Amino acid sequence: MNDIKITIIDRNGDSHTVDAPTDMNMNVMELVRAYELAEEGTIGICGGMAMCASCQCYVLNEDEVELPEKNPDEDAMLWEAFNVKENSRLGCQIAITPEIDGLIVELAPES
């Protein structure tokens, strides 16, 4: 098993610590969808192409995990998104790797 633990705070404020496989080429947005932690049709609308910001989340412990750098597409999408904070990231751009074990994210409001 190549699972890590990720904590996701849903849009109702409920915390869920879930197993996240590092060997399936998944990202945080897909993990949220797999565990049904957001209402159907409200997350990953663009399919993970960094084009809609529906998977925006706030990384609550970025100093404790090794996140990938923001790419230009993610940066541009966050520039146009609502409710953006300094710790905002797109869940579709955070690959599930051993380096992010213990990641804690909070889903951003829908709009």
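**Strand β5 and its neighbours**

Trainee: Where do I start? What joins β1 to β5?

Mentor: Three bridges join strand β1, residues 3–9, to β5, and the two run parallel. Keep in mind that this is a predicted model.

Trainee: Which residue in β5 is the bridge partner of I9?

Mentor: I9 has E106 as its bridge partner in β5.

Trainee: And β3 with β5, parallel or antiparallel?

Mentor: Antiparallel, again with three bridges. V59 has V105 as its bridge partner in β5.

Trainee: Which residues of β5 are on the covered face, and which on the uncovered one?

Mentor: β5 spans residues 104–107. V105 and L107 make up the covered face. I104 and E106 make up the uncovered one.

Trainee: Back to β3. Where is Q56, and is Q56 buried or exposed?

Mentor: Q56 sits in strand β3, residues 56–59. Q56 counts as buried because its relative accessibility is 3%, and the cut-off for buried is under 20%.

Trainee: What does Q56 touch?

Mentor: Leaving out residues up to four places away in sequence, its contacts include L78, A81, F82, N83 and V84. L107 and A108 are also among them. L107 is on the covered face of β5.

Trainee: New topic: E64. Where is E64?

Mentor: E64 is in the loop between β3 and α2, the latter being 72–80.

Trainee: Why does E64 count as exposed?

Mentor: Because its relative accessible area is 66%, and exposed means over 50%.

Trainee: How many residues apart along the chain are E64 and I100?

Mentor: They are 36 residues apart along the chain, and their C-alpha atoms are separated by 8.5 Å.

How values were computed:
Residues are numbered from 1 along each chain as its sequence is written. This is a predicted model: local features need pLDDT of at least 70, side-chain atom pairs count only at pLDDT 80 or more; totals for chains, interfaces and linings use all residues. Side-chain values use heavy atoms; hydrogens and water are left out. Helices (H or I, at least four residues) and strands (E, at least two) are DSSP runs, numbered from the N terminus. Buried means under 20% relative accessible area, exposed over 50%, partly exposed in between (1.4 Å probe, protein chains only). Contact means heavy atoms within 4.5 Å. Two strands pair if DSSP finds at least two bridges between them.
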